[in-house]
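This report describes a protein model shown with its ligands. It starts with the domains, then turns to the strands and the ligand sites.

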Amino acid sequence: MNKDCEITISSAPGKALIVGGYLVLDRNYNGLVVSLNSRVYVAIKSQPLQNKSQKQFNIIVDSFQFLNACWQYTVSKEELGNGDFVPVLKQIQAEGSTKNKFIQTVLDSSLKLIKHRNPLLLKEYFYSGTNLEIVIASDNEFYSASEESLNENMKFKSTNSTLENVHKTGLGSSAALVTALCASLLLHFKVVSKDSFKKELYVNQTFGKERQDLDLSNVKRDREILDFLSQYAHCTAQGKIGSGFDISAAIFGTQIYRRFTAEDLVPKPDMNESDFLLEFVNGSKKLDSEATSVCIPPLFTLMLADVNAGSNTPSMVKKVLEWRKNDPNNLNLSIYKIRKCLKKIGELAGVPIEPDEQSKLIDSCIEIPGVIMAGVPGAGGYDAIFCLILTKEPIQELKKLFKMEFTNVNDLGCHQDDQGCLYVDQNESYVSELLMKFSKLS
Ligand SMILES: Nc1ncnc2c1ncn2[C@@H]1O[C@H](COP(=O)(O)OP(=O)(O)O)[C@@H](O)[C@H]1O
Ligand SMILES: C[C@@](O)(CCOP(=O)(O)OP(=O)(O)O)CC(=O)O
């Protein structure tokens, strides 16, 4: 095998849940989630080494826009005695190195799944002592712009911050990262085909109608594997709190989403993780989530405005679920007038779902002609608010409003782009910015 220069790149979009916050946690309800043109990119390179080892290989991951964001792992084999093995991932703890639960969980689960689907290729990494180098880059809209970066004109700006302290805008960085990392690993190890993640698949895919001229059975199967792996890894790393709408949007694009049965993603106590993954890989089990493709109609634009604050979704979700358990009757009252009721749920559960500052901002936005709908997406709080507008004209009026009356608010500059996870061709203009980062790692 000649793995020299073998590079795989994929990307997955951020999202805004514009209808169904909290309700979508319950499988009886749907949510409308819009995928955005802001993406997380993951590039993987195989790096053959002089020192050959049959026992292990290394993985080095660099998220170069953050401080202290480089992680190194070894992969070894746990021999099962019958010639079979399970890959075992361990972090190499250099002095001052941090942990990244999302990345570690994805690598761990993906390697176990790859072992089931392409054991020969995985074995070659051990025999030939080939390392994997991984570079991560996020579009700038995932994070509030810092004063010093406002005038920079780069595709992937440095945040000058650690991942822990960065101001997120609420576009779902972990779901986009997990999806793009799973996709790049599955593509690199030839578990799924790049044809299943090509841009062309989205052309004409309007209002749920998919292209008739393509064989979509492989596409469906490959995306289902990616969906299961990403949902499993994200759910494990995040502590099993989310509905999975963000991962589904990162894979399938804008959609009406119904969640999977939560228990299906938890291995039974007598089952090891590797066997659990095998059940989904060999098709004997499937997630029962539903994703119906839709798109924002022509002439409408989804705009996001950042308030430079951000919120902790898992802790808000925990409190709302506690409130719902103790006071279930209130929910029936609350599902009708979405905005008012979400604000009320927040007050009853003691979390700022639509805090007064956000209400004032949203009320002012809605008064501008051409703004059809505005609100706090998803779990609400201080994440970027959304405005659905007719034609692009109201954008200038909205920007004027922010400048005059809400000086901490900025147009994030992203909008809907109904595509999900994509295989990235190396001719794309920004790819050289990613490839440059590999030379730093070798
Ligand atoms: N670009 C990135 N590089 C490395 N890790 C990332 C990146 N983006 C997100 N993550 C991981 O996701 C975590 C953030 O997840 P979370 O707090 O759930 O935010 P979000 O709501 O944006 O998904 C980070 O702490 C980190 O572990
Ligand atoms: C409450 C929710 O229904 C919606 C949360 O939506 P957000 O868009 O706020 O999510 P994060 O990106 O994780 O912050 C929880 C869920 O469905 O997972």
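## Domains

The centres of domain 1 and domain 2, taken over C-alpha atoms, are 29 Å apart. Domain 1 covers 7-295 + 424-441 of the protein chain, and domain 2 covers 300-411; these bounds come from an automatic or database domain assignment. The model is predicted, with local features needing pLDDT of at least 70 and side-chain atom pairs counting only at pLDDT 80 or more, while totals for chains, interfaces and linings use all residues. Residues are numbered from 1 along each chain as its sequence is written, and chains are lettered from A and ligands numbered from 1 in the order in which they are written.

Between the domains, 18 residues of domain 1 are in contact with 22 residues of domain 2 (contact: C-beta atoms, placed from the backbone, within 7 Å). On the side of domain 1 that touches domain 2, strand β1 (residues 7-19) gives the most, with 4 residues. Strands here are DSSP runs of E with at least two residues, and helices are runs of H or I with at least four, numbered from the N terminus. That side of domain 1 has 10 nonpolar, 7 polar and 1 charged residues. In this classing, Ala, Val, Leu, Ile, Met, Phe, Trp, Tyr, Cys and Pro are nonpolar, Asp, Glu, Lys and Arg are charged, and the others, Gly among them, are polar.

## The sheet of four strands

An open sheet of 4 strands runs in the order β10-β11-β9-β12, with antiparallel pairing (strands pair if DSSP finds at least two bridges between them). The edges are β10 (371-375) and β12 (410-411); each has a single partner strand, so one side of each is left without a neighbour in the sheet.

The antiparallel pairing of β10 with strand β11 (residues 385-390) has 4 bridges. Within it, Gly375 is opposite Phe386 in β11. Helix α10 (residues 356-366) lies across β10 and β11 and runs at about 175° to β10. For such angles, axes are lines fitted to C-alpha atoms, for helices over the stretch in contact, and the range is 0 to 180 degrees between N-to-C directions.

## Two hairpins

Strand β3 (residues 56-63) pairs with strand β4 (residues 70-79) in the antiparallel sense over 7 bridges, and Gln56 is opposite Ser76 in β4. The two strands form a hairpin with 6 residues between them, where Asn68 in the turn has a positive phi of about 55°.

β4 also pairs with strand β5 (residues 85-92), in the antiparallel sense over 8 bridges. Tyr73 is opposite Gln91 in β5. The hairpin of β4 and β5 has 5 residues between the strands, and Gly81 takes a positive phi near 95°.

## Ligand 1

Around ligand 1 there are 17 residues, the closest being Ser63, Phe102, Ser173, Ser174 and Leu177 (a residue is near a molecule if its C-beta atom, placed from the backbone, lies within 6 Å of it). At least two residues of this shell come from each of α1 (101-117), β6 (130-138) and α3 (173-188). The largest share, 4 residues, is from α3. By class, the shell has 8 nonpolar, 7 polar and 2 charged residues.

## Ligand 2

Which residues come nearest to ligand 2? Of the 17 around it, they are Gly242, Ser243, Thr313, Gly378 and Ala379. Two or more residues of the shell are given by α5 (245-252) and by α7 (313-326).

The shell around ligand 2 has 8 nonpolar, 7 polar and 2 charged residues. Domain 1 and domain 2 both give residues to this shell, so ligand 2 lies between them.

Terms used. Contact = placed C-beta atoms within 7 Å.
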